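Student: I would like to go through the terms used for this model and see what each one rests on.
Tutor: Here is the structure.

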Amino acid sequence: MNIKTMTCVAFMVTVAFAAAAADKVWIGAGGDGKWSNPANWEGVAAEPALVDGDTVVFTNDSAVTYATENNFEGLSLAAIVALADCTVTVDGQPLTLSGATSGTYKNHCIYNRSTSLTLNVPIIVSKSATIDFNGKSTTLNGDVTLADNVTLKFAHAYAEAGTAS
């Protein structure tokens, strides 16, 4: 193989990998709440509906409740984002969050601007990132493991019940 061919192949592999991870917007049209169902995601036509590095986005212009299930074992997302006037609950498998590396949610692993976000799954924040509650109702019901240098942002005063370690 000559140098030009090898360079072209390397470029195509790099572009394909970079395009794989993206913002995936939940629409819930699959009727089952499962993250693996492509019909639940805007513009996703085939499995896998999510890949490692994706940012999961929940948004809606009207009051709506999303009851969802992460049924991917070992999924590692960039971030979970909840926007607008929606109430989101996530059940299922544990999640690893690494923080978005670019775009609107850069350096965030949880970004909550919704009415309510409840994560009933264990969360591992694997890199230095920001968890931004913005004064919204955010409930983390599973074990939470934080990497060094994780920033917690609150827009309003908060009360802590129990202990933190």
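Tutor: Two strands pair if DSSP finds at least two bridges between them. The model is predicted. Strand 2 and strand 5 (residues 79–82) are joined by four bridges and run parallel.

Student: Why are strand 2 and strand 5 said to pair?
Tutor: Because the cut-off is at least two bridges, and four bridges join strand 2 to strand 5, they pair. Within these strands, Val-57 stands opposite Val-81 in strand 5.

Student: What makes strand 1 and strand 2 a pair?
Tutor: Strand 1 (residues 23–26) pairs with strand 2 in the parallel sense, over four bridges; at least two are needed. Lys-24 stands opposite Val-56, and Val-25 has Val-57 as its bridge partner.

Student: Which strands are the edge strands of the sheet?
Tutor: The sheet is open and has six strands in the order 1-2-5-8-11-14, paired in parallel. Its edge strands are strand 1 and strand 14 (151–153), since each pairs on one side only. From one strand to the next the twist averages 15°.

Student: Which way do the residues of strand 2 point?
Tutor: Thr-55 and Val-57 point one way, Val-56 and Phe-58 the other way, and all are buried. In a regular strand, side chains alternate between the two faces of the sheet.

Student: Why is Ser-98 called buried?
Tutor: Ser-98 has a relative accessible area of 17%. Buried means under 20%, so Ser-98 is buried. Ser-98 lies in the loop between strand 7 (95–97) and strand 8 (108–112). Beyond its neighbours within four places in sequence, Ser-98 is in contact with Leu-77, Ala-78, Ser-126, Lys-127 and Ala-129.

Key:
Residues numbered from 1 in each chain as written. Predicted model: local features only at pLDDT ≥ 70, side-chain atom pairs only at ≥ 80, totals over all residues. Heavy atoms only, no water. Helix = DSSP H or I, 4+ residues; strand = E, 2+ residues; numbered from the N terminus. Buried < 20%, exposed > 50% of the residue type's maximum accessible area, 1.4 Å probe, protein only. Contact = heavy atoms within 4.5 Å. Axes fitted to C-alpha atoms, helices over the stretch in contact; angles between N-to-C directions.
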